[in-house]
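Here is a friendly briefing to read alongside the sequence and the 3D view. Have both at hand as you go through the points below.

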Amino acid sequence: MQLPSSHCPNTNFIFFVLCLLISINLCTRTESTSTSCNEGYSFSKMGRNITHCKKLGTLKAEFGWNYQGKVLDFPNNRSSTLVDIFFSAPPVGATGWVAWGLNPRKPFMAGTRALIGFKHPNGSMHLETYNITIDTKRGCQLSSSSIEVKVNDNKSITYSAESGFLTIIATLTLPQEYNISKLNLVWQVGSVKDSTPQMHDDTLKNFDSTETIDLSSGKSTSVRHRLHYHRTAHGVLSIVGWGTLVPIGAITARYFKEFPVKFCGWYPLHVSCQISGYLIGSTGWVIGIYLGSSSRYYDFTTHRDFGIIIFTFSTLQVCTSQSHLFQSYIASFSLPLSFYIFLDISGISFICATKKRR
């Protein structure tokens with residue numbers, strides 16, 4: 001068959017714009033700093049002298065602290081760090097729990113030494129120390145236990161009916177292995193059943209509730225920021241490739257040969273859209289595989305399975321598009337599959353994008 005003569009559309013502009021948008025996003029600062037403890041914080045009305053405050057990245061949590069400096073632990077003849085902490089977050093339900101903790105090694109849940117508090121149905125308050133282990137992730141019941149971080153007896157938890165926040169206040173004595181310039185914070189919220197904290201929800205905002213902070217300067221970084229860029233790139237590339245260019249290529253081949261509009265350059269446009277869309281979408285898919293492999297403690301099985309199915313069908317479509325034997329079958333799947341790709345990845349991308357604002 002003699003193909004219509006036409007120049008293949010230049011796709012360099014598409015790649016240029018795409019790379020420009022991603023580059024601008026990647027160049028965004030990933031550091032945040034503390035701010036003054038004004039009335040914008042739930043614990044600002046307590047009349048306490050708080051020198052540093054910051055809004056944490058997820059769960060509407062807030063954190064304030066006073067860094068009092070080094071103290072000498074006479075029995076062990078070792079220096080420790082004294083710090084006052086103020087943590088507030090809205091619980092899940094009227095009797096839900098809130099937690100704040102430190103991990104001496106990495107910004108992960110497993111290994112965190114935490115303070116967990118909640119309000120009993122009778123109105124009394126509960127605040128105890130917990131050692132969060134990998135067994136907690138596996139579903140074992142969480143029980144209070146002693147931790148190596150000394151928590152002074154003045155610890156307390158209060159509930160504000162006005163803001164709906166629970167606030168944990170404590171004075172901590174940190175051992176030497178806790179580096180105040182790279183302190184791994186972990187916070188969380190969840191529900192309570194029979195006076196026992198239950199497992200938190202399996203959502204991105206729960207899994208991203210960690211930061212590494214410098215107590216002396218107030219600067220902090222988060223794994224959530226780095227993952228946010230990868231998630232954004234995953235969503236943008238998938239939408240542009242599989243959700244936009246691939247459907248355009250299929251529509252061009254199906255409807256622009258003769259009717260409703262005769263377009264002599266339909267074939268080069270069809271080929272360029274299919275190939276570039278497949279390559280761009282596959283790049284997003286590879287980033288998605290990386291995100292899945294880097295998530296040690298959680299996964300999104302449904303989204304992963306749909307991604308594998310989409311990649312498989314897209315590969316079959318591109319590889320068999322030149323075979324007359326399979327063209328009719330592939331064409332019947334092209335548009336419905338592309339429409340589903342757009343809805344699926346658009347929804348996931350929107351969810352990922354909104355995590356930064358929560």
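Predicted model: local features only at pLDDT ≥ 70, side-chain atom pairs only at ≥ 80, totals over all residues.

**His303 and His234**

- You will find His303 in helix 6, which covers residues 301–320.
- His234 belongs to helix 4, spanning residues 223–255.
- With a relative accessibility of 14%, His234 falls under the 20% cut-off and therefore counts as buried.
- His303 is one of the residues in contact with His234, once neighbours within four places in sequence are left aside.
- According to the UniProt record, an unreviewed entry, the feature "binding site" is placed at His234, His270 and His303.

**Lys150**

- Lys150 sits in strand 8, made up of residues 150–151.
- Its relative accessible area is 53%, and since exposed means over 50%, Lys150 is classed as exposed.
- Not counting residues up to four places away in sequence, Lys150 touches Thr171, Leu172 and Thr173.
- Thr173 is 23 residues from Lys150 along the chain, yet the C-alpha atoms of the two are separated by 5.0 Å.

**Strand 4 and strand 10**

- Which strand is joined to strand 4 by nine bridges? The partner is strand 10 (residues 165–174), and the two run antiparallel.
- Within this pairing, Asp84 stands opposite Thr171 of strand 10, and Thr171 is also among the residues that Lys150 touches.
- How many of the 12 residues of strand 4 are buried? The count is 10, so strand 4 (residues 78–89) is largely enclosed by the rest of the structure.

How values were computed:
Residues numbered from 1 in each chain as written. Heavy atoms only, no water. Helix = DSSP H or I, 4+ residues; strand = E, 2+ residues; numbered from the N terminus. Buried < 20%, exposed > 50% of the residue type's maximum accessible area, 1.4 Å probe, protein only. Contact = heavy atoms within 4.5 Å. UniProt positions renumbered as here; feature names shortened; annotations may be inferred. Pairing = 2+ DSSP bridges.
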